[in-house]
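Trainee: I would like to learn how to read a structure like this one, feature by feature. Could we start with strand pairing?

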Amino acid sequence: MLFASVSAAGYAPIATRRAITSSSSLALMALLTIGHMSYAQEPAQVLAKPAVQQAMQVIKSSEPHFIDEQIRICEIAAPPFHEDKRAEELAKLFKAAGLENVRIDKAGNVLGDRPGAEAHPHLVMAAHLDTVFPEGTDVHVTRTGNLLKGPGIGDDCRGLAALLAVIHGMNETKLKTKGSVTFVADTGEEGQGDLRGTKELFNTTLKGEIDEFISIEPGGVDDVTNGGVGSYRYKVTFTGPGGHSYGAFGLANPIGALGRAVAHIDAIQVPTSPKVTFNEGTVGGGTSVNSIPFEAWFEFDERSPDIKALDEMDAKFKAAVQQGLDDENARWHDKGKLSVKIEPIGIRPAGHTEESAAIVQIATQSISALGIGKARYGAGSSDSNVPMHLGIPAITIGGGGKDAGAHSLNETIDVTDSYKGPQNALLILLSLLQ
Ligand SMILES: [Zn+2]
C-alpha cells in the first residue's frame, strides 16, 4: 500500500531535482527517493521559503488565541467513551478553519481534509479528544501567567490546540502542498479507550489510504516518539463446580488454580532489552470463607516495544495459565475438573518506525532547523502504535510548552514559547508533502 502510487505520482525522485549539500542530506535523499517520500524536501529549505516564514509568524502571533482555545476546549468534558461534545466543537472549528469534508466517523473521530495537488502522499495529523477523567470531574482550567492548570490541559488539549494552530497557519498564508493532509481529532486514545479511534481510522474510515501519521501529544518539542510500546491485557477466569468447604472437600479449587498460575507466571524470565514487563493487577473471586469457590479471576498486563518479544511473553503467559490449571486439576483429580477462560480486555499493538525512516529524519531536521535543539527519540504508547504496527511510518511529537502531572487532577502546562510546537508540526507536514 505504501508504495502503491509511486509511479503514478509523476514527480521525479528528489535526488535528481536538487543538489546534494551534505553527508546527512545524502542519507536523507537516499530515503526521499523511496516511494511517496519522493515529494519530501529538507525542512531547512522549506523553512527558507517566504510563504513558510510568513506561516511561522502567523503561528507565533496567533498563539495567545490558541492558548485561549486550548483552555476553552479543555473545559468541555471528554471522559472515556463520551468525547461527543468536544468532538462537535472540534468539527465546528475544523469547518470554520476552512477544512473540507469535515465529518465524524463511527468511532467518533472528527476528520477534516486539506487536499493537495495529489491524493498521495496522504498524511494524517492527529491529536486525541479523550481524557482519563471520569464523568463529573471538575474540568475548570485556572491560569496563572503562563501556567495553565486543569485535568487534560496538556494531555491532549495541547495537541488539539496545536492542530488548530497548524491549520490556521496554513490557511492564513494559503500554503499549498503536493500531497494531501487529513486532520483528525480522535477518540479512545487513553487506557480504557484502547486506541479505538485510531483503530477505526486505519481499519475502516481511511483504510488503505494513509501513507504517514503524526500524532501530537504534550511533551517537549524536541521529542520524537518513534517506538510504540505494545500491551496485551487479559482477564483470566478459572471456573469449577464449587461446593461446601467441608462436605465437598476434594474438589479442585479455582483460587488454587489461580495461585498456581500466578506462581508459574512470576517464574518467567524476561529480557531487559528489549524491555518486557508483566503484572497481575487485580484479583477477585470466591463467595464465602466456607465455600469452595466456583470462580476466581485476575487481570493481567504485559508490555514491550518489541512485538516479537511481546508475543514470546504472551505465549509463556498462556502456557503458565494452562499449567496452573493442569496442576490444580491433577492435584484434585477424582472430582469435577476446572476450566479457564483468557479474555482479551485491551490490545495495544507494538510497533516501531526506524530512525532512518524519512518521517523521523524530517522531524529531526525540522527540530534543528527551527533552533529547538537536538531530537530525542523514544518509545511510548499512543495513537501512533496502530500505524507503526501496520508498518505505516508514524511518529508522535510534542505540542509545545512544558507539561507536568498528566493523568492527574493537578495537571499543568507552562505555555511559554508553546508556539514552537505547532511551528514544528507545520514544518514537518510541509517538508513531507512538498
Ligand atoms: Zn495523550
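Mentor: Strands of a sheet pair through backbone hydrogen bonds, either parallel or antiparallel. Two strands count as paired if DSSP finds at least two bridges between them. Here, strand β9 (residues 230-239) and β14 run antiparallel and are joined by 9 bridges. Within that pair, Y234 has P344 of β14 as its bridge partner. The model is a predicted one, in which local features need pLDDT of at least 70 and side-chain atom pairs count only at pLDDT 80 or more, while totals for chains, interfaces and linings use all residues. Residues are numbered from 1 along each chain as its sequence is written.

Trainee: What is the strand order of the open sheet that holds β9 and β14?

Mentor: First the labels: strands (E, at least two residues) and helices (H or I, at least four) are DSSP runs, numbered from the N terminus. The order of this open sheet of 4 strands is β11-β13-β9-β14, with antiparallel pairing. β11 (277-285) and β14 (339-348) each have a single partner strand, so one side of each is left without a neighbour in the sheet. On average, neighbouring strands of this sheet are turned by 20° against each other, direction ignored.

Trainee: Which strands does helix α10 lie across, and which does α11?

Mentor: The angles here are taken between axes, which are lines fitted to C-alpha atoms, for helices over the stretch in contact; they run from 0 to 180 degrees between N-to-C directions. Contact between two residues requires C-beta atoms, placed from the backbone, within 7 Å. Helix α10 (residues 254-266) lies across β9, β11 and β13 (295-304), at about 15° to β13. Helix α11 (residues 307-331) lies across β9, β11, β13 and β14, and runs at about 160° to β13.

Trainee: How is the chain divided into domains?

Mentor: Domain bounds come from an automatic or database domain assignment. Domain 1 covers 23-227 + 351-433, and domain 2 covers 230-348. Their C-alpha centres lie 40 Å apart. Contacts between the two involve 8 residues of domain 1 and 7 residues of domain 2. The side of domain 1 that touches domain 2 has 2 nonpolar, 5 polar and 1 charged residues. In that classing, Ala, Val, Leu, Ile, Met, Phe, Trp, Tyr, Cys and Pro are nonpolar, Asp, Glu, Lys and Arg are charged, and the others, Gly among them, are polar.

Trainee: Which residues of the largest nonpolar core touch the most other members?

Mentor: A residue is buried if 20 or more other C-beta atoms lie within 10 Å of its own, exposed if 12 or fewer, and partly exposed in between, with C-beta atoms placed from the backbone. A nonpolar core is a set of buried Ala, Val, Leu, Ile, Met, Phe, Trp, Tyr and Cys residues joined through C-beta atoms within 7 Å. The largest core has 77 residues, and M125, L163, V166, A363, A425 and L429 touch the most other members. Helix α8 (residues 157-172) gives this core its largest share, 10 residues. Another core lies apart from it, with 29 residues, among them A257, V321, L325 and L338. Beyond its neighbours within four places in sequence, A363 is in contact with V224, A375, I395, I397 and I428.

Trainee: How much of the chain is buried?

Mentor: Of the 434 residues in the chain, 51% are buried. Among contacts between residues at least 6 apart in sequence, 79% join residues at least 24 apart.

Trainee: Where are the cis peptide bonds from D155 and S273?

Mentor: The bond from D155 to D156 is cis, with omega near 10°; D156 is in the loop between β5 (147-149) and α8. The bond from S273 to P274 is also cis, with omega near 0°, and P274 is in the loop between α10 and β11.

Trainee: Is N101 buried or exposed?

Mentor: N101 is exposed, with 12 other C-beta atoms within 10 Å. This residue lies in strand β1 (residues 100-104), and its phi is near 50°, a positive value in a residue other than glycine. K174 also has a positive phi, near 50°. The place of K174 is in the loop between α8 and β6 (180-186), where K174 is exposed, with 10 other C-beta atoms within 10 Å.
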